[in-house]
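Welcome, and please open the structure in your viewer. We will go from stop to stop, selecting residues and looking at what is there.

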Amino acid sequence: VAAATGLAECVSCDGGTYQNDTGATGCRDCFPGYYCPEGAAAPLPCDGGTYSSATNNAEQGDCTPADPGSFAVTGSTAQTPCAKGSFAATGGLSECVSCDGGTYQ
């Protein structure tokens with residue numbers, strides 16, 4: 001990113017921001033459900049099992065693991081509770097597991 005006219009070289013965007021255009025004069029905020037490492041040209045989605053509503057995440061570790069009883073798919077902005085008949089025994093899962101036949105949740 002060229003922050004000012006007359007710079008000899010471009011400056012990398014800080015973590016939590018990105019820039020995907022050439023000739024830009026500033027950086028863009030990252031998206032909810034994504035993170036943007038320093039110098040990112042595009043946002044990267046939070047891994048399955050994690051989520052975030054923030055727009056300034058700089059690394060995957062800034063995404064929050066889903067709680068037990070909930071899940072989060074890749075790029076989630078919030079965790080989702082497991083549906084009736086399914087469960088997530090631990091946190092950080094990208095999907096819930098169906099209960100075995102003859103059992104319920």
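Start by selecting Cys46 and Cys63: the torsion about their S-S bond is about -70°, so this disulfide is left-handed. A disulfide here is a pair of cysteine sulfur atoms within 2.5 Å, and these two sulfurs lie 2.1 Å apart. Cys46 sits in the loop between strand S4 (44–45) and S5, while Cys63 is in the loop between S5 and S6, so the bond ties together parts that are 17 residues apart in sequence. Strands (E, at least two residues) are DSSP runs, numbered from the N terminus. Cys46 has a relative accessibility of 0% and counts as buried; Cys63 is buried too, at 5%. Buried means under 20% relative accessible area, exposed over 50% and partly exposed in between (1.4 Å probe, protein chains only).

Before moving on, a word about what you are looking at. This is a predicted model, in which local features need pLDDT of at least 70 and side-chain atom pairs count only at pLDDT 80 or more, while totals for chains, interfaces and linings use all residues. Residues are numbered from 1 along each chain as its sequence is written, and side-chain values use heavy atoms, with hydrogens and water left out.

Next, select Ser52, in the loop between strand S5 (50–51) and strand S6 (64–65). Is Ser52 buried or exposed? Its relative accessible area is 5%, so Ser52 is buried. Leaving aside neighbours within four places in sequence, Ser52 is in contact (heavy atoms within 4.5 Å) with several residues, including Cys46 and Cys63 from our opening stop. A polar atom of the Ser52 side chain also lies 3.1 Å from the backbone nitrogen of Ala54.

Now go to Thr50, in strand S5. Thr50 is buried, at 12% relative accessibility. Show the side chain of Gln60 as well: a polar contact of 3.1 Å joins it to the side chain of Thr50. A polar contact is a pair of N or O atoms within 3.5 Å; within protein, one must be able to donate a hydrogen and the other to accept it, and residues adjacent in sequence count only if both atoms are side-chain atoms. The Thr50 side chain also has a polar atom 2.6 Å from the backbone oxygen of Asp47.

How many disulfides does a search of the whole structure find? The search finds 4. One of them joins Cys30 to Cys36, S to S 2.2 Å; with 85° about the S-S bond, this link is right-handed. Another is formed by Cys82 and Cys96, with sulfur atoms 1.9 Å apart. The torsion there is about -80°, so that disulfide is left-handed. Cys82 is in the loop between strand S8 (80–81) and strand S9 (86–87), and Cys96 in the loop between S9 and strand S10 (97–98), 14 residues apart. Both of these cysteines are buried.

For the last stop, select Tyr18, Phe31 and Tyr34, which form one aromatic cluster. Rings of Phe, Tyr and Trp (its six-membered ring) pair if their centres lie within 6.5 Å; planes under 30 degrees apart count as stacked, over 60 as edge-to-face and the rest as tilted. The whole structure holds 2 aromatic pairs. The rings of Phe31 and Tyr34 have centres 6.0 Å apart and planes at 85°, so they are edge-to-face. Phe31 is partly exposed at 40%, and Tyr34 is partly exposed at 27%.

Definitions and conventions: Helix = DSSP H or I, 4+ residues; strand = E, 2+ residues; numbered from the N terminus.
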